[in-house]
Amino acid sequence: MAFDAEKEIYKTWRSKKAAQDEIGKMYMRWRQVALDLAGEKANPLDVSLKCSEIMGREVGKSWLPRMSFAKGEENWLKGLTMNYVGWWSTLGASIKAQPGEKPFEVFLSWNRCPWPTFCKEYEVPMEEDVLCCDAFLKHILKDVNVFFNVEYDIETLKAIPRGQGQCLRRLFKVEK
Amino acid sequence: MAKQLFEWDYSSYAGAKKYPNLFSPIQVGNLIVPNRIKYAATEDNLNDEHGFITDADVAYMRSRAEGVVGGLCFMQGVYMDPARKGQGYVGQAACWDDKFVPGLKRIADAIHGEKAIAGFQLMDCGRVGAVEVPSGHGPSTVPQRLRIFKPMFEMTVKEVEEMVQQHVNAAKRGVEAGFDVMEISGIVGYLLSNFVSSYTNRRTDKYGGDLRGRMQAVVEIIQGVKEAVGPDVPVGIRLCCEELLDDVRGNTPEESLETYRIAEQAGADYLSVTAGWQESIVPVISRDVPMGSWLHLAKRAKGALKIPVQMAYRLFIPELPEKAIAAGELDFWEMCRSMIADPYMPKKVLEDRQNEIRHCVACNLCLARLFRDAPMTCYINPLCAHEHDQGFYPQPVADDDKKNIMIVGAGPAGMECAYVAAQRGHEVHVYDKRSELGGTLIEASKAPYGDEELMTCVTYQKTLAEKYGVNLHLGAEVNADLISEEMPDAVVLATGPVYSQLKGVEPGDKRVVNVLDVLGGRAQVGETVVVWGNRKPGIGVALSLAKQGKKVTIVGEDKSAGFDINPSFKWRYAIYLRQNGVNAYNDCTIAEVGDGQIIVKTFDGCKFPVKCDTLVVTEREANEDLKSAVQGEGIEFYVIGDALVPRNLSSAVHDGYRIGLRI
Ligand SMILES: Cc1cc2nc3c(=O)[nH]c(=O)nc-3n(C[C@H](O)[C@H](O)[C@H](O)COP(=O)(O)O)c2cc1C
Ligand code: SF4
């Protein structure tokens with residue numbers, strides 16, 4: 001059989017990388033479109049934050065069918081965490097999750113993330129990256145919280161675009 | 001004194017002797033119902049875009065009314081708000097104004113014309129509503145999990161009170177139109193179930209909070225409707241006995257049972273037991289759920305209530321409700337889909353003509369059509385939703401037009417065509433090289449997850465073929481010589497599909513086998529199997545082999561596995577494939593077949609190997625056999641079913657029926 005495994009794997013790997021690259025660039029091109037249409041008076045950060053909000057809600061909604069409370073809240077939280085990890089891994093980040101010391105607390109750490117690189121390439125301020133990522137992560141939780149009748153939040157503790165070497169975020173149940 | 005609307009005496013019917021409980025009377029409220037049969041409310045999307053009743057819906061209902069032989073016959077649930085937030089289906093009947101009464105009266109009259117009891121259902125679709133407007137209403141703003149549904153907004157207390165009044169007003173209009181029984185629909189994700197469930201009701205006012213609060217709107221509606229319609233019109237309610245929403249923190253079974261008690265205390269005259277929501281991730285009524293699986297819920301309800309208990313949910317054969325009623329675990333046999341598939345199902349039971357029943361195959365195409373704004377059709381019943389159209393009924397042919405028809409193939413397409421043509425007066429001869437009726441359905445029905453029920457189609461067609469005098473020639477292969485010898489007036493080729501051949505595979509190659517031989521138990525299959533083709537035949541054989549412990553992979557050109565299965569059932573197969581460890585490479589072809597492995601090629605040209613001892617062929621093509629022989633003789637001819645274009649059982653039956661009418 002004429003089949004060269006390495007060649008085929010390389011082809012597949014290369015197209016995955018190219019797709020990840022295009023997704024980032026596509027975002028940046030649309031950002032520019034939005035800024036052009038918004039006009040000079042608009043604050044670019046506001047435009048990008050609005051985008052993060054819309055994207056976050058959309059992504060959160062798409063996770064709803066894949067999450068379940070049937071096996072209790074701990075398992076549900078695992079499901080939520082895996083969705084965060086899976087989403088970023090697909091886009092080319094290297095991300096890990098670790099349970100925190102408190103119940104219903106998880107730490108997510110990114111050792112590698114493609115977005116600061118895109119920001120550099122398209123001359124987007126690094127702080128915009130941090131704030132948008134933050135807004136995106138939080139808006140994912142909007143519908144998830146309402147749908148499952150829970151209150152979770154996520155906060156940024158460290159960020160690669162701030163030169164801190166990694167992004168570290170705490171996903172936690174809000175204490176009432 | 002309880003009243004009886006129509007006199008029925010079943011004592012002379014064989015079916016009544018066989019099923020004495022089904023054909024015994026019962027009191028519901030102040031009404032005597034002569035039997036235990038109910039055609040459950042069924043949306044059909046047949047009414048006009050403003051909610052006015054059409055001829056199609058009247059005719060649809062008339063045939064179901066004939067079917068219940070004196071029992072309860074419910075029309076579809078009506079929406080009741082002029083803002084149309086409660087409208088869940090584009091062709092749903094409306095009742096928010098007196099102007100709808102004359103149309104509704106036509107339905108009540110049609111039901112009474114068959115001496116059946118006319119049931120009216122009040123149904124605000126709530127969370128799954130707003131089909132024609134941008135947003136819907138609900139007790140709270142809980143987002144939708146499925147994209148096909150509109151966003152919801154929380155109703156104010158005033159709006160809830162208005163909604164309660166809308167139910168009361170609609171009930172009054174229903175009585176004015178002539179209906180005898182009122183039913184409140186609180187099921188599957190519709191508005192009242194949204195109020196009842198802890199999943200969708202987060203209110204803290206009088207319409208929310210604990211279970212009593214969540215039931216408050218239901219209680220007000222029951223009491224309001226009862227007062228409005230008076231003591232002679234029973235008022236029942238449909239409520240979930242199990243919501244099957246554990247994944248989203250819905251009500252517990254105990255809470256659901258408590259809702260039943262509250263409804264009874266509020267004055268409900270009967271309770272119709274249901275299970276699950278449209279959003280439930282558990283299968284409830286598809287073919288993979290064995291018949292009778294939910295009857296324990298009726299038993300649970302009977303244990304908690306004094307009022308009569310009704311239930312449908314896969315009770316497709318009379319033995320199940322008969323036994324349950326005898327055991328005191330149920331009072332009414334409700335039917336929805338079994339009477340979509342055969343409106344006369346209970347009538348045939350009464351007349352002891354059970355083999356003449358066209359059985360529902362629980363495929364849920366009817367539901368899938370509604371969700372996609374299409375008028376109802378039935379997978380297995382070509383006449384469904386065409387009851388008003390005389391052109392869809394077999395019309396007798398004049399003596400001069402009677403033909404001698406040769407049908408080649410005794411599968412579902414050929415047999416459907418055969419009995420319809422024979423019923424019209426033609427002389428029909430069916431040939432098949434096999435010695436059994438059923439064609440490829442014989443093997444297809446061996447796939448797991450309920451597919452054995454597909455064979456009910458063969459029983460039905462065989463019975464009707466015998467009834468109308470179809471001549472069967474089994475074990476007889478048709479060739480050009482036989483055609484010219486017999487010289488029929490018309491030939492129908494229902495020969496089934498031909499199976500595709502992979503390039504580079506020699507005929508007789510032992511590594512490659514046919515799906516029919518695998519399901520029929522005639523083929524040797526290795527431990528590692530690749531199934532070529534990702535439509536239903538491929539999925540069926542893949543699951544069958546995986547259940548035998550084999551490692552199975554599907555490779556097919558369609559973008560997703562099960563392209564030919566309707567979305568309301570397809571999600572089940574996706575889960576079963578996953579559960580049975582079957583990988584599907586969709587959007588892919590087989591580039592090469594080697595020893596112990598095949599090479600799969602993706603749509604964009606990447607290749608990878610997949611282990612394979614045996615390759616099962618399920619890809620099919622149209623069958624050109626005999627076409628030229630018939631054309632050569634200049635005989636009128638038709639090609640139907642998979643021989644024309646490989647599709648599914650439904651297309652075979654529908655093709656056969658239509659050509660049977662036309663020939
Ligand atoms: C096409 C279709 C339409 C339905 N429409 C209604 C409806 O208007 N109101 C209602 O309470 N239930 C409705 N149902 C639910 C049925 O009445 C019934 O409870 C369910 O189909 C299970 O019964 P079965 O197994 O006999 O089909 C509908 C079901 C189907 C398949
Ligand atoms: S479409 Fe399918 S599920 Fe619906 S009634 Fe017909 S056979 Fe039954």
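Over all chains of this predicted model, a search of the whole structure finds 55 salt bridges. Side chains of opposite charge can pair when their charged atoms come close. In chain B, one such pair is formed by the side chains of B:Asp352 and B:Lys18, whose nitrogen and oxygen lie 3.1 Å from each other in a salt bridge. The two partners belong to distant parts of the chain, since B:Lys18 is in helix α1, which covers residues 14-18, while B:Asp352 is in the loop between α12 (345-350) and α13, so that 334 residues separate them.

The boundary between the two chains gives another view of the structure. Here 20 residues of chain A are in contact with 25 residues of chain B, and together the chains bury about 1900 Å², of which 59% is on carbon and sulfur atoms. Across this interface of chain A and chain B, however, the rule finds zero salt bridges.

Chain A itself is built from five helices and four strands. Followed from the N terminus on, its elements run α-α-α-β-β-α-α-β-β, and its C-alpha atoms fill a box of roughly 60 × 50 × 30 Å when the box is taken along the principal axes.

Two helices of chain B, α11 (337-341) and α13 (365-371), are the elements that give two or more residues to the shell around ligand 2. Among the residues that surround the ligand are B:Arg337, B:Ile340, B:Asn364 and B:Leu365, as well as the cysteines B:Cys360, B:Cys363, B:Cys366 and B:Cys378. Sorted by class, the shell around ligand 2 consists of ten nonpolar residues, one polar residue and one charged residue.

Definitions and conventions:
Residues are numbered from 1 along each chain as its sequence is written. Chains are lettered from A and ligands numbered from 1 in the order in which they are written. This is a predicted model: local features need pLDDT of at least 70, side-chain atom pairs count only at pLDDT 80 or more; totals for chains, interfaces and linings use all residues. Side-chain values use heavy atoms; hydrogens and water are left out. A residue is near a molecule or strand if one of its heavy atoms lies within 4 Å of it. Ala, Val, Leu, Ile, Met, Phe, Trp, Tyr, Cys and Pro count as nonpolar, Asp, Glu, Lys and Arg as charged, and the others, Gly among them, as polar. Contact means heavy atoms within 4.5 Å. Buried area is the accessible area (1.4 Å probe) that two parts lose on being put together, summed over both. A salt bridge is a side-chain nitrogen of Lys or Arg within 4 Å of a carboxyl oxygen of Asp or Glu.
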